[in-house]
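Reader: Could you walk me through how to read the folds and pairings in a protein model? I would like the general idea each time, and then the case at hand.

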Amino acid sequence: MVNNREDIEECFLKCPTETRQSFMAALQMVYDEVFEINPHDDCVYILNSRYDTAMCGMTVCYSDFFGEYVDAMVYLYDCEEFISDFEPEALRKFAESEDMKQEKKFVRLRTDTNKKEWYIATLIKNPADKRRIILLMKNENEVCINEMQKKAIMEDYDYVIGINIQNEKISIYSNNEAKYGHSTLYNVFYEKFLNQRIKKYVLSEYAEKISEKMQLENIKRQLEKNEVYICYATMQYRGEIFHKKFRFVYLDDKKETILLSQMDVTEQIEREEKKNDAVKIAVQEARKANESKSYFLSRMSHDMRTPLNAIIGMDMIAASHINETDKVMESLNSILYSSKNLLELVNEVLDVSNFERGKFSLNDAVFSWTKEIENIMQLIRPLADKKHLEFDTDYKKLRFENVVGDAKRIRQLCINLLSNAVKYTEDGGKIYFSISERGVVKEETDNIYMEYEIIVKDNGIGISEEFMPYLFDMFEREKKVLGENISGTGLGMTIARNLARLMDGDIYVESKENEGTKFSVTLRLRLPAPDESVTTDDINMGISGGVIRF
C-alpha cells in the first residue's frame, strides 16, 4: 500500500503506460496543485488547482497562466525564487536534463483566507513523453515548520542529548560541535560524559564548581523546584575561550528522560560584561564628580570666607578711624582688593555654568595688542616682583597692532595661565610670556584670519604624570597643591581651554615635575578692516584722589 508522497511519485514514474492515466487521476486526489506542462509548446494542462477551479481540465498558455498564478498565489517574498525555478525557460532546461525528478521544498502559497502556508513542490517527467513535466504541490505546512525548527535547533545548539534517569545513559539527538573542530559525543553513561568534557574543555579554576552543578542528582533536585534548570560554564576550544549555557528540562510528563542542550552565549555575555563595565565606569565617574563638587563647595566656602572676612575687618577699621583719612583710604583699598577677588571667584563659577549650558558667547571688537599686554602686565608684574621672579616677555613677532576678538576673554585666559605660573613657581624662579603670529590660516571675502600662539612657561613645581589627565577637569586640583594651601577653585584651566576652543584654537601643555611647565595656546583672530577702529576698554581698578574707579 502506498502511504506517503514520495512513494506515490515513485509509483508514477514506474507504472505501465496503460495505467498512467488513471494514476494521474489519483494524483489529483493526493496533491493540492497538479499541472502537466509542455514547456516547449508553452502550454499547461490544469488537472487540479485552488487558483481557479473552473480552469481544471483546461489547457492554456503556460506563460500567461504562470504570471497570473504567481501574482495571485505565491507569497511575495518567495516570488523571485519561485519564478526562477518554474518559469518556462527553467522547465525547458529540466526537460532537457537527465534528471527524472526534481524537488523544491518550502514554497509558500497564499490560502483562501490570505494567510500563507508551506508547500513542497515536485517536478516529474512524464515517462511516456519526457517533453511533458508534471508539477505537483502539496500542503506540508506542519512538516515544513517542524523541519525548519529542527534545523534551527541544530544551528542554535552545540548539541542536544537525552539522559535516561533509570540507567543514566545518554542518547544523542543532535550534534553541531564540528564548528569548534571536534565532535566527541558518544552514547555513554552521563557521569563519564560529564567528567571527560569537564577535564578536556572547562578551565581548571571553574572545573569543581561546574562539576557540582551538573551532577545528575543536583539536576534532579533543581528540576523538582523548577521546570527548567540552567547553568553556565567557561570553556576552552583550541585555545579560544567560549561561554556556554546548559539547559536541563524533562522531555515529557513521564520524567524518564532529561533533555540537555548546550548553547554558545559568548557574544551575549561579552556584550553584558561591556555594558556592566560601562555602568561601573559611569558610577565611578558620578562618584568622582560628586566628590569633586563636595570639595569645590568646601573650597569655595574657604575662598569666599577669606575676602569676606577681610572686607568686614577693613570696614570695621575704617569705621573706627573715620577721621583718619590715610587709614580710611588704606582700608578702602583693601576692601576693593578683596571685593575684586570675590567677584573674580563668582565670575569663574558663572563662566563654567555658561560653558556647560552652551550659553557662553564672545564679544568681538577691535583691540590693541599693546594695550592688552599692558593691562595684563599691570596685574601680573606686581605679583611676580613680590616673589622676586625673573619675568621675561617677547612680543616682537606681532606685526599687526590691532586685531578683532574678545579682548576681555583673551586677557582672562592669559591672566589665568600667568597667575598660575606665579603661584606655582618658588621665589627667585623664572617665568616667560610671549605672543606671536603663526601666519594666515583662512581668507574670506574682505576677511583675513591670523593664527596666534601664546606661550606661558615657568620653572616651578610642575605637574605630575598622574594628575595630567585631570588637569582640565572642573574642580580638580593636585594633592601637592592642596598640601601647600595655595588658593584656587580648580576652575581656571577649565575656563582657559574652553576660551581657547571658542576662538578656534586649543591649549597644549608640557610639564615635568619639579622642573616646570609650558602652556601653548593657539587662537584664530580676524584682522580688522580699514574702517574698523579700536574700542576703548578701561579695566583699571583703584582709588585715586579719593574716588573709587572701576
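This is a predicted model: local features need pLDDT of at least 70, side-chain atom pairs count only at pLDDT 80 or more; totals for chains, interfaces and linings use all residues.

Reader: How many helices and strands does the protein have?

Author: There are 15 helices and 20 strands.

Reader: What share of the residues is buried, and how much accessible surface is there?

Author: Of the 550 residues, 41% are buried. The accessible surface amounts to about 31,700 Å², and carbon and sulfur atoms hold 48% of that surface.

Reader: Which share of the contacts joins residues 24 or more positions apart?

Author: If you take the contacts with a separation of 6 or more, 56% of them are between residues 24 or more positions apart.

Reader: Now to sheets. What holds the strands of a sheet together?

Author: In general, strands of a sheet pair through backbone hydrogen bonds, and the pairing is either parallel or antiparallel. Here, take the open sheet of 5 strands: its order is S8-S7-S11-S10-S9, and the pairing is antiparallel.

Reader: Which strands stand at the edges of that sheet, and why does one side of each lack a neighbour?

Author: The edge strands are S8 (170-175) and S9 (228-237). Each has a single partner strand, so one side of each has no neighbour in the sheet. Ignoring direction, neighbouring strands in this sheet are turned by 20° against each other on average.

Reader: How many bridges join S9 to S10?

Author: The antiparallel pair S9 and S10 is joined by 10 bridges. For a place to look, find Tyr 237, which stands opposite Glu 240 in S10.

Reader: Last, a loop residue. Where does Glu 256 lie, and which residues does it contact beyond its neighbours within four places in sequence?

Author: Glu 256 sits in the loop between strand S10 (240-250) and strand S11 (257-264). With neighbours within four places in sequence left aside, Glu 256 is in contact with Ile 163, Asn 164 and Ile 165. Glu 256 and Asn 164 are 92 residues apart in sequence, yet their C-alpha atoms are 6.2 Å apart in space.

Reader: Why is Glu 256 called partly exposed?

Author: Because its relative accessible area is 44%, which falls between the 20% and 50% cut-offs.

Conventions. Residues are numbered from 1 along each chain as its sequence is written. Side-chain values use heavy atoms; hydrogens and water are left out. Helices (H or I, at least four residues) and strands (E, at least two) are DSSP runs, numbered from the N terminus. Buried means under 20% relative accessible area, exposed over 50%, partly exposed in between (1.4 Å probe, protein chains only). Contact means heavy atoms within 4.5 Å. Accessible areas come from the Shrake-Rupley method with a 1.4 Å probe; for residues, only the protein chains shown count as cover. Two strands pair if DSSP finds at least two bridges between them. Axes are lines fitted to C-alpha atoms, for helices over the stretch in contact, and angles run from 0 to 180 degrees between N-to-C directions.
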